Amino acid sequence: MLPLLLEAVGLKKHFPVTEGLVYQRVVGWIKAVDGIDFTVKHGETFGLVGESGCGKTTTSKLILLLETKTAGTLRFDGADIHGFNSTALKRYRASVQAVFQDPYSSLNPRMRVGDIVGEPLRINNVLSASALKERVEEVLTQVGLLPEAIARYPHEFSGGQRQRIAIARSLAPYSRLIVLDEPVSALDVSIRAQIMNLLQDLQQKLGLTFLLIAHNLATVRYMSKQVAIMYTGKIVEMGESDEIFTHPLHPYTQALFYAALPSHPRHRREESPLIGEVPNPLNPPPGCLFHPRCVYAKPVCRAEEPLLREEAPGHTVACHLY
């Protein structure tokens, strides 16, 4: 059994909503992430799936320490991240890197590629100029670019090549966990498979761990070993990727799969069971947050919030149907 690299327990992030220009007062809270639990094993890819606004990106920002948690615990290699001293925190920041969605805006257009890729090394490591240049050339080669790219600017590259540069930057400080925030959604369809295959090859060669945030189900199924489905800040279903995609249990998960395009143009597309709209985050419904949109809703769904329970080995779901 693979050891755990990252563990979230009761993780929450609530944003205050205020009114007033001079004397502001809090009139409500948006619960972007509301008490989620998950584990990411060393050397595996953990997929986080859901609609826009469900809390996926906020979760990634909490892991990257770009947001401060409201409550809960994040553990890295068994140690609480928020108990790290300055030295351990610096090591953690070097070990956890990110590849963002848009390769056009995630790279500084005024910096050369060598400076972009080498920046995490300059911040987190004390290296000589020759050692830094050698490491930059090494990671550029690993992502399929020539060392000559060091002297060029991002605008001289295509979208797929820019994303390779972003991946090289994330690899430079010998990272262990890479947060992939929609890494291929902004790329041409013809390039997506190349980048996904590159990421999987790097994972096998370097023993990397990925947290994949995506709404494209095909990408998640291809890359992820474990999958969690998020809805309005909560995880509603979680398990092995093959099990989730073969036997989805939660009505929201089933609706996501119904909404996806069929694998072949001749295949008939089934009707989605989803009704209504995403609830107002300032005034969420009582009980199960999904019940206003669920065709299977029962009286208990309106009164009691379901908890994540194991329905099959390694497959948990938060739904009163089970």
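Student: What is the volume of the largest cavity here?
Tutor: The largest cavity has a volume of about 80 Å³. This is a predicted model, in which local features need pLDDT of at least 70, side-chain atom pairs count only at pLDDT 80 or more, and totals for chains, interfaces and linings use all residues. Residues are numbered from 1 along each chain as its sequence is written, and side-chain values use heavy atoms, with hydrogens and water left out.

Student: Which residues are closest to its centre?
Tutor: P251, C288, C294, C301 and C319 are the closest to the centre, out of 13 residues that line the largest cavity.

Student: What counts as a cavity, a lining residue and a volume?
Tutor: On a 1 Å grid over the protein atoms alone, a cavity is a set of points where a 1.4 Å probe fits but cannot get out, and lining residues have an atom within 4 Å of a point. A pocket is an open set with protein on both sides within 12 Å along at least five of seven lines. Grid points are joined across faces, edges and corners, and a volume is the space filled by probe spheres set on the points.

Student: What classes of residue line the largest cavity?
Tutor: Its lining has 10 nonpolar, three polar and no charged residues. Ala, Val, Leu, Ile, Met, Phe, Trp, Tyr, Cys and Pro count as nonpolar, Asp, Glu, Lys and Arg as charged, and the others, Gly among them, as polar.

Student: How many cavities of 30 Å³ or more are there?
Tutor: The search of the whole structure finds four. The second largest cavity holds about 50 Å³ of space. Among the residues lining the second largest cavity are E182, R192 and N216, and by class that lining divides into three nonpolar, three polar and two charged.
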